[in-house]
Number of protein chains: 2
Amino acid sequence: MNHFFNVKTLEEVFSLVEQFSVVGTQTIDIGGACSRVLAEDLIAKTDMPGFRRATMDGYAVHAVSTYGASESSPAWLELAGTISMGRVPGFVLKPGQAAHISTGGMLPKGADSVVMVEHTDLVDGESVEVYKSVAPLQHVIEAFEDFAMDQTVLTRGTFIRPQEAGLAAGLGFSELMAYKVPKVGIISTGDEIIPITQEPVPGQIRDINSYTLAGLIEEAHGLPVLYGIIDDDPSALKKACEKAVDECDMVLISGGSSVGTRDYTVDVLASLPDTQILVQGMSVSPGKPTILAKSSNKPVWGLPGQVVSAMVVVKIIVIPFLQKLQGYKKSVRQIRVPAKLTRNLASAPGRRDFVRVILENDQGSLLARPVLGKSGLIRTMIHADGLLEIGEHVEGLEKEALVDIILL
Amino acid sequence: MNHFFNVKTLEEVFSLVEQFSVVGTQTIDIGGACSRVLAEDLIAKTDMPGFRRATMDGYAVHAVSTYGASESSPAWLELAGTISMGRVPGFVLKPGQAAHISTGGMLPKGADSVVMVEHTDLVDGESVEVYKSVAPLQHVIEAFEDFAMDQTVLTRGTFIRPQEAGLAAGLGFSELMAYKVPKVGIISTGDEIIPITQEPVPGQIRDINSYTLAGLIEEAHGLPVLYGIIDDDPSALKKACEKAVDECDMVLISGGSSVGTRDYTVDVLASLPDTQILVQGMSVSPGKPTILAKSSNKPVWGLPGQVVSAMVVVKIIVIPFLQKLQGYKKSVRQIRVPAKLTRNLASAPGRRDFVRVILENDQGSLLARPVLGKSGLIRTMIHADGLLEIGEHVEGLEKEALVDIILL
């Protein structure tokens, strides 16, 4: 048990992320860019939209021609033509003229604004009555108003959402340089663990962790690689670890919940080539017996065997490391949700507690209702919507305390 | 323009979701179950974990044998053996005895609790000193404590997160019945729209919407199917719509932002076989010119051409319809985030406004800072983290108002 006397705080473990580097890059098609991380700065090669564009259906005008126009005293403008979508207007608009234009259409030379069709009447085929004045640039987008040529529109390390993909597409980037999707090897250990297709006899349980951990890695946009179940046998574990470290960018070993196993997980990791043990125990609950090693410059985690503990450790510390590997500039998707606690919660000082909670809507705000139950029970995670964090220096939280929730 | 005089509220449009039905079901492998929706009730075929299990490393005991034990007056127990992981203990534990056990191990018959190893000393090879008493069932999980045989553990319509996948795996379900992933056809329209690989001349813009809409559908776990760009030509649009309705479960038509197009999108949809126009205009901003038709019992949406408006409409109303098709029992992922507004916001009564906001951390709570800018500018969506909703009957919001944010 000596390995776990010198536990590190969550912050101390997190600071170790600096020791690891971002995965390599690759060219990807824009169609598959969502949820990837940009590995280059994108610079606009042209202005966007590239021409002065109407944002309303109506008439392109010189604003000055509408000044003073009102319901009782409309401005009369001469209809100069209709603008076809996708074409350069074949005429120059003079003061006193109006050209019929649709949203997205290109304003003719001379025109500086658009009068909404609702504020006009087409009198005959030749004149337009305008009932409301417009200011210069009203209801138009300038050629460079979205993005100007040579402007950096997206920077390296940006998580690509639908709008970033759309912007890149709009600027003509049919391919992007992105960070590779990190491969995360997953190893389940324990003599008591059997494949899910087998029928357990008393004493055995099916391999839950491979599936929950793979799901969490997918959710965080990594690529899980399953290495199956390894018995409590140091040489088998060493072999599996070497293979996983060789083939992946990060490795998760779950289980080894027995006293002996937990010790030999450290010993096995220490025996791998080019490997340092960085963490042996973390002052969080659940999740204390967490191990972190650096093997061939890749993070290798020893996670608790209890499913809830393993999931909590992945959510609170493994994913931030994964994001470092992925090249994230910031943790875009890790917004915490404020909520109000429904009851008093006790907590032991000196450790960081993570409590599963159910979120309930309550007149526009959220209530966080703690889910009680042992961390060996997966049903506590089935009921939970999120995790509530209680700091090391807090002895507990009172009912109605405002708390931040990490979504599950 | 007549089509858009009789606009519906967001609630009225949402109530139409009842007219559409869930997609079909299929058998899927448990390894690909995350982010799918369960199409059956899962019933436990056995107890889980199935045997009385230790949740700590230590000694299995009869609790009664430890009563009164303390540092100064320890209980002396006879070591009856060591329990191997994954095996049924080959002995019955008698009162006065202790058996060495690891977390996850099976308690021997007779034992009802576990003393943590930290509260014991192994004196010689034969006796264990216990310094703290335990209560019956302390540090154990009962055979049926996670889930009992014949219990319904997950119900039809559940969105499968990593923990639900793990639970199903743990119960031996290597396959699940899930709803199919709905196919969502995406059609861009407009004479001004060109493929992203082409160089636009003034008046033209590249097809942004196909990429943003496909991204939003993927994010919501649907399968986007791109039908490319259709010119402003009713017969071409009709042909594309028929094909998309035939091949997909839902169709999005974006663009048709020109006055004529918007009208003929309705006309084209009305001319499709077995089709009813349900919505022609929605009292939201941006997004007013939204069309919804029911064609062969599938929702077909006419979305605004402006990228921001199209995205907002997808987030606020298309995704809830998609979730109906997907078989969701509840919208698990649509939690709104409470935040505090940084400035006064005006709003026209009689319509629902959606304002893009940046979220900033501020001492444990979140600030929502409005992003100003026209809905034709994609950069407003690039800067934004979420959407703030202002109700129809609200004339505006004051600085510091508590608001709910839909994450982008």
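Chain A is divided into four parts: domain 1 (2-24 + 181-326), domain 2 (25-47 + 147-179), domain 3 (53-141) and domain 4 (337-407). These bounds come from an automatic or database domain assignment. The centres of domain 3 and domain 4 of chain A, taken over C-alpha atoms, are separated by 58 Å. The model is predicted: local features need pLDDT of at least 70, side-chain atom pairs count only at pLDDT 80 or more, and totals for chains, interfaces and linings use all residues. Residues are numbered from 1 along each chain as its sequence is written, while chains are lettered from A and ligands numbered from 1 in the order in which they are written.

An open sheet of six strands runs in the order S16-S13-S17-S21-S20-S18 (chain A), with mixed pairing. Strands (E, at least two residues) and helices (H or I, at least four) are DSSP runs, numbered from the N terminus. Two strands pair if DSSP finds at least two bridges between them. Strand S16 (223-230) and strand S18 (275-280) of chain A stand at the edges; each has a single partner strand, so one side of each lacks a neighbour in the sheet. On average, neighbouring strands of this sheet are turned by 20 degrees against each other, direction ignored. S18(A) pairs with strand S20 (residues 291-295) of chain A in the antiparallel sense, over five bridges. Gln280(A) stands opposite Ile291(A) in S20(A).

H3(A) lies across strand S13 (183-189), S16 and strand S17 (250-255) of chain A, and runs at about 165 degrees to S13(A). H6(A) packs on the sheet and touches S13, S17 and strand S21 (298-303) of chain A. Its direction makes about 170 degrees with that of S17(A). Axes are lines fitted to C-alpha atoms, for helices over the stretch in contact, and angles run from 0 to 180 degrees between N-to-C directions.

Between the chains, 76 residues of chain A are in contact with 76 residues of chain B. Contact requires C-beta atoms, placed from the backbone, to lie within 7 Å. The largest share of the chain A side, eight residues, comes from H2(A). Of the interface residues of chain A, 100% are also interface residues in chain B, so the copies meet through the same surface.

Methods
Two residues are in contact if their C-beta atoms, placed from the backbone, lie within 7 Å.
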